[in-house]
Amino acid sequence: AFKLTIKAKSAGTLSLTVNEQKFIASGAVRIGNKKPRTETLTLTPTPKKAKTYRGTLEVKCSAFKLSWVNIVDIEDYLKSVVPSEISTRAPKAAVEAQAIAARTYAIRNIDRHLKKTSYNLCDTVHCQAYFGISKEDKKHNEAIKATEGKILVFNDFPANTVYHSNCGGYIISSQAAWGGMPVPYLIGHYDGIKGKKSFCEY
């Protein structure tokens, strides 16, 4: 283990301190391990609480500010996304369905931010909530493993698997939400099985 401190020195330049040794770097710096599926990295943005992530961190300096990107395998990415988006109280099948929906959404929108930034997806609900290892748990990890690599496809293209945190028990159609042409699988309907409580209650 080692302590790494990174500061914005000037536009496009980073000041790095590894333990007691200091370095200057231009452009981006990648911090990672040879085994991204098993190793982890901890980020501590002073004075905020530390966050731990899988994969590699890429740090850049732009306009005297630091920005970082987590480069991570999609299955490891889902280990944080799925529990951030569906409760542990949900049935096993629902968690597996959420894993497939989240994987499909990530693949369909993989370049959502790339035209204006250096990353593919953000970590907020604008894309999908992602908080690193702190959100992982056994139940969700098992659902991700059980559905590994599976996505939903419509007309030979990843489906638009938009979802929500709460619909109040009824889902409106894509036309009602955003206009445009109707989407056969995004129709308005009761969010559950007739005669039973809605899925949103989970």
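Author: Contact means heavy atoms within 4.5 Å. This is a predicted model, where local features need pLDDT of at least 70, side-chain atom pairs count only at pLDDT 80 or more, and totals for chains, interfaces and linings use all residues. Residues are numbered from 1 along each chain as its sequence is written, and side-chain values use heavy atoms, without hydrogens and water.

Reader: How many helices and strands does the chain have?

Author: Helices are DSSP runs of H or I with at least four residues, strands runs of E with at least two, numbered from the N terminus. The chain comes to four helices and 12 strands.

Reader: What share of the chain is buried?

Author: Buried means under 20% relative accessible area (1.4 Å probe, protein chains only). Of the 202 residues of the chain, the buried share is 32%.

Reader: Which residues of α2 are buried?

Author: Helix α2 covers residues 92-108. Its buried residues are Val95, Gln98, Ala99, Ile100, Ala101, Ala102, Arg103, Thr104, Tyr105 and Ala106.

Reader: What covers the buried residues of α2?

Author: One cover is helix α3, residues 138-146. The cover includes α1 (74-85), α3 and β10 (157-158).

Reader: At what angle do the axes of α2 and α3 cross?

Author: Axes are lines fitted to C-alpha atoms over the stretch in contact, with angles from 0 to 180 degrees between N-to-C directions. The axes of α2 and α3 come within 8 Å, and their crossing angle is roughly 65°.

Reader: Which residues of α3 make the contact?

Author: On the α2 side, Val95, Glu96, Ala99 and Arg103 take part. Val95, Ala99 and Arg103 are also buried. From α3 come Lys139, His140, Ala143, Ile144 and Ala146.

Key
Buried < 20%, exposed > 50% of the residue type's maximum accessible area, 1.4 Å probe, protein only.
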